[in-house]
Each structure stands twice: as structure tokens, then as C-alpha cells.
Amino acid sequence: MTLGLALGFSAVIGILLGLLGGGGSILAVPVLVFALGLGVEEAIPVSLIVVGTASAVGVIPKLRARRVEWRLAAVFAATGIPATFAGSALGRLLPERILLLGFAAVMVAAGARMLAERGDTGTACKTSASGINWRHCAPRSIPAGLAVGFMTGLFGVGGGFLIIPVLVLMLGIEMSVAVGTSLVIIVANSVAGLFSHLSGTTIDWSITLAFAGTAIVGSLLAAHFGTRVDTARLQRLFAYLVFAVAGYVVIDAAFLS
């Protein structure tokens, strides 16, 4: 892949974050590794900067529309931030090939989730006049926050592909609110993940700024044209792209490296 194509993927990352509240970040590390030749340890902090920045821009319209559930975002951040440090510590102990194969497995799981039919939404965290019933909400939201944070630290992904189904299908949050809440959580986890990976890692700022810039443009385009896009169809097409990239990662890591 050329730099131009890699930047195109970065724009896709921003668009998907803006429209779906996650998913696009799953492409960031493979593109940085296989298109631009970065090592995994170099690619992860760059990915976190790109994903966190694009999410911060994408959440602005949601904040203006008051489409963020701050209490749940706080729960996910409070549990996810410590987990990012645990994930990054484990990642330093694993060979790069194992990390890439694990990343491919996460990509396949994410793609399968995107293709799955959505059933009825959950009710655990639905708000009422008295607010959220934390007795039912906490047992599901706390483990989910830990899992998302751990994957952020280990693989450098925002975790939106997991946050959105948890918020909507398990916790009963309205989709438009779930997108805004997911973006806030991604920003918090990305910042924590970045700090956990800074020690001993050199960041190529020219690549980082180029990727972040195109991701921000994608996120702004999503905010402007989001109401005209069939997000369900976009999610299905993106799932197939994720499968293709995952297959490339497996072949390269298992047979060519």
C-alpha cells in the first residue's frame, strides 16, 4: 500500500468513528504496520493519537445535542483507564507476531459483530425519572469497561466496536446517545493508552499528524453528511473490509514474517 492509500484508510477511520461511534480504529494499527512499515510498538501510540483526536472532534456535535450519557462514560473510563496500563504491560511481554495474530482475531470478532442481526435492546441502564438503576447497570457496565480498556492498551484500538453493542444491546442506551457516549469513552481510553505506551517509544510526528489530519477530515464529513448515509449498509461493507485486512495480517504474520 502507498502512503496515499494509507491516508485514505485514515479518513475512513474518522468517518466510521463519526457515524458509528467506533469500528474504524480497528484498521489503524494494520495500516501503520503493513502500509508504512512501523513496528507494532511504534504503531500503537500513533493509532491512539489518531483515534483519540478523531473521536474528540467527532463528539463535538453530540455534546452540542446533549447526546452523551456522562454517568456511563465515567464508569467506562474509571474502569477502563487502569485496564489500559495492564493491557500495555502485557503487550510489551508478547512477541510482535503473537500481537498481530491476536489483533487479527479481534478484527474477525469485530467484523462478525458488525454483521450480526440486532435483536431487542437491553434494559439494564435505561434511565427513568429516578435516573439509572445502578444495581442492574453496574454488573454489566463495569466488566465491559475493563475489557475495552484492556484491549485499548494491548492493541491500540478505541474499542468502539465493543462499546456500542454493550451500550445498546446489553445496557439499553439509545443508539444516538450510545455513539456520543462511545466517543467520549474512546477519547479517555486513548489518552490513558497513549501515556502507557510513551515510555521508550519514539513517535513519528510527520506520520502521526498526517493520519490525524485525514481522520479529523473524515470525522467532520461524517458530522456533515451523517443523516444522509445508510449506516447499516456502511457497517456491513466495513465488516467485509475488516475481514480482508485480518486475512492479510494472518498471512503476513504467520507465513511471511
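Where does Arg-66 lie? Arg-66 sits in the loop between helix H4 (60–64) and H5. Helices here are DSSP runs (H or I, at least four residues), numbered from the N terminus. Please keep in mind that this is a predicted model, where local features need pLDDT of at least 70, side-chain atom pairs count only at pLDDT 80 or more, and totals for chains, interfaces and linings use all residues. Residues are numbered from 1 along each chain as its sequence is written, and side-chain values use heavy atoms, with hydrogens and water left out.

- Although Arg-66 is not a glycine, it has a positive phi of about 55°.
- Arg-66 counts as exposed, at 76% relative accessibility (exposed means over 50% relative accessible area, buried under 20%, partly exposed in between, with a 1.4 Å probe and protein chains only).

**Helices H5 and H9**
- The axes of H5 (residues 70–93) and H9 (residues 175–197) come within 8 Å and cross at roughly 30°; axes are lines fitted to C-alpha atoms over the stretch in contact, with angles from 0 to 180 degrees between N-to-C directions.
- H5 and H9 are therefore roughly parallel to each other (angles under 35 degrees).
- Contact (heavy atoms within 4.5 Å) involves residues including Trp-70, Phe-76 and Arg-92 of H5 and Val-184, Asn-189 and His-197 of H9.

**Thr-208 in helix H10**
- Thr-208 belongs to helix H10 (residues 205–225) and counts as buried at 1% relative accessibility.
- Not counting residues up to four places away in sequence, Thr-208 touches Val-46, Ile-49, Val-50 and Ile-203.

Technical notes: Helix = DSSP H or I, 4+ residues; strand = E, 2+ residues; numbered from the N terminus. Parallel < 35°, antiparallel > 145°, perpendicular 65-115°, else oblique.
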